[in-house]
Amino acid sequence: MRRIIAMMGQAAGPYRPQWNRAVVITVFGALANGLTLVLLLPMVVSLLSGDTATGWWLVGAIAALMIAEGFLRVGELGFSYNLYPTLMEDIRLRLGEHLRRIPAEELALRRSGGLSTTLNQDVTNSMLSVSEVASLFLRLIVIPLGFVIALIVIDPRLLLGAILGAVVVAFTLARQNAVTARSQPAIARADAETADRIVEYVQGLPVLKAAGQVGDRSERLVAAMHAQGRALRASIDQASFALTGAAIGANLAVAGVVAVGASLVLGAELSPVMAAAVVVAAAGLAEPLARAAALTSVFEVAEAAMGRINDVLAIAPLPTPETPAVLTAHHIAFENVSFSYRGAVAPAIQDVSVNIPAGSLTAFVGPSGGGKTTMTRLIARFADPQQGRVLIGGTDIREVTERELMRHIAVVFQDVHLFDASIFDNVAMARPQASEQEVLDALEAANCGELLARLPDGAHTRVGEVGNQLSGGERQRVAIARALLKDAPIVLLDEPTSALDTESEVMVQEAIDRLVRDKTVVVIAHRLSTVVAADQIVVLDAGRVREIGDHTSLLASGGRYAAMWAAQTRARGWTLAQDALAHQTSV
Ligand code: ADP
Ligand code: MG
């Protein structure tokens, strides 16, 4: 009971007054309902015993109560209809706002299917179930309570008759509680698994088709759906057991009261009229009692859904400073930085110290998994390092707000995400106050001119309409236009790999050259030309900095970099070497 009340309080959130009003209306409805049943006793008694005046009064009172209850029900519904959508909207907005503030790495760790299940289904479940629980719960308390009091007034021995039935109901409910506590998490897991599989399947369909794996993967989806069905069927089996048990218990209670009443009548301790009245009222009680069984399973559904909502709300956002600093300079420094992904065995970055002077171009090179991407993510504060500090312009980036940090950084990563808006809007979002001409200039500078000329509505073509027609190089150029428009002093860049054809590559390279001019640039370099031209090359392997220097000095020192260089330029044409580079080791 305490859990139910706590849950209702949480569900109401900032809408407590409205919620309380809905509860009061429900309680009054239940009271009217209970009172109607209770008044049946004296009504029948007085009508049968010839006291017609009182009898008619009572008939009138019962009729009035029934009408009142009808209105209260309408009120209760009206309230729910108004309140629950608002509550759901409120929780969804809170969740959305929260997702915006949690570290990007935390989002990446979660499966998108699970998150969307929480925002959609869990919110709906929790709210609808809470409303149902509230209504059932209140009726369950009020109605039987009125009846019990009436029985005590008439003859407490009548209550004895109800004991066996009450025990059966209590036992069923207790068992149902235990069973649903186990089955609900199973259903939730099955739901989340299915949602994940659907996302995976839909997103991966083109790849699966190409690989001839459609049948294989859809088996996983089908298996998830079967498992979901099984979990649901099992819980329904359990629920029907509970409903049956509670109904039997309720009927037993009525029968018990009838039996005791009959024996009291035979012993001349109760008038037959009163006994008849008790039977009528007891029959009216059986129904709400039988519905009690639904309470626990609905409650478990709501509680589990709320638990998952709370899990998401419990993800800690990156700590923000009380008195935020502002960034005034743009040299970047890693000071003894170590970072481990959650659940990873080895740290992705170990005790790294690197200085990146303002206005320089620094290339991260090294084998795949060496920590290059992680380094750039730490600069953009997708996560905080467990040890050490990342500084920009001498300021620990944890001392500035996310907004301030992002004002200074433009990011072009390989997995370019374009929103389903126009290409123009996809670029303009980088600096919403930019003029139309500035956006078009950025697109032009990013070598998108020829692309826009080919699209039906030029820059105002929706990405969704042409999504698949945009090549990797074209998407990359739109992302570069975004970064160009933002014109941030720091540019983080994951260079395109050899996936681009030569012409595309030249165009992307030109766009990148315009982007990085006069900026502090950190580039995950896949091209020899970038590496050779870099002011500073950082060789990362297994999360550690192995070598730092420019191309000439690193070649001269004859270490890892020199070896990689030799392996990749040996006996190869320039183009081939570039391909090998991107495919094998991402120098
Ligand atoms: P690189 O970009 O040089 O290929 P990354 O920075 O992507 O290297 O990865 C460094 C290490 O961190 C690798 O061992 C990789 O498996 C691991 N790693 C990368 N991303 C995650 C993640 N989200 N969760 C756990 N481990 C990760
Ligand atoms: Mg990488």
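Modeller: Isoleucine 537 stands opposite glycine 549 in β10. Strand β9 (residues 536-541) pairs with β10 in the antiparallel sense, over five bridges. Strands here are DSSP E runs of at least two residues, and helices are H or I runs of at least four, both numbered from the N terminus. Two strands pair if DSSP finds at least two bridges between them.

This is a predicted model: local features need pLDDT of at least 70, side-chain atom pairs count only at pLDDT 80 or more, and totals for chains, interfaces and linings use all residues. Residues are numbered from 1 along each chain as its sequence is written, chains are lettered from A and ligands numbered from 1 in the order in which they are written, and side-chain values use heavy atoms, with hydrogens and water left out.

Now the sheet. Six strands form an open sheet, in the order β6-β7-β8-β3-β9-β10, with mixed pairing. β6 (409-412) and β10 (544-549) stand at the edges with a single partner strand each, so one side of each has no neighbour in the sheet. Neighbouring strands are turned by 15° against each other on average, direction ignored.

Helix α10 (residues 372-379) lies across β3 (361-365), β6, β7 (490-494), β8 (520-524) and β9. α10 runs at about 150° to β8. Axes are lines fitted to C-alpha atoms, for helices over the stretch in contact (heavy atoms within 4.5 Å). Angles run from 0 to 180 degrees between N-to-C directions. Helix α16 (residues 472-486) packs on the sheet, touching β6 and β7. The direction of α16 makes about 175° with that of β6.
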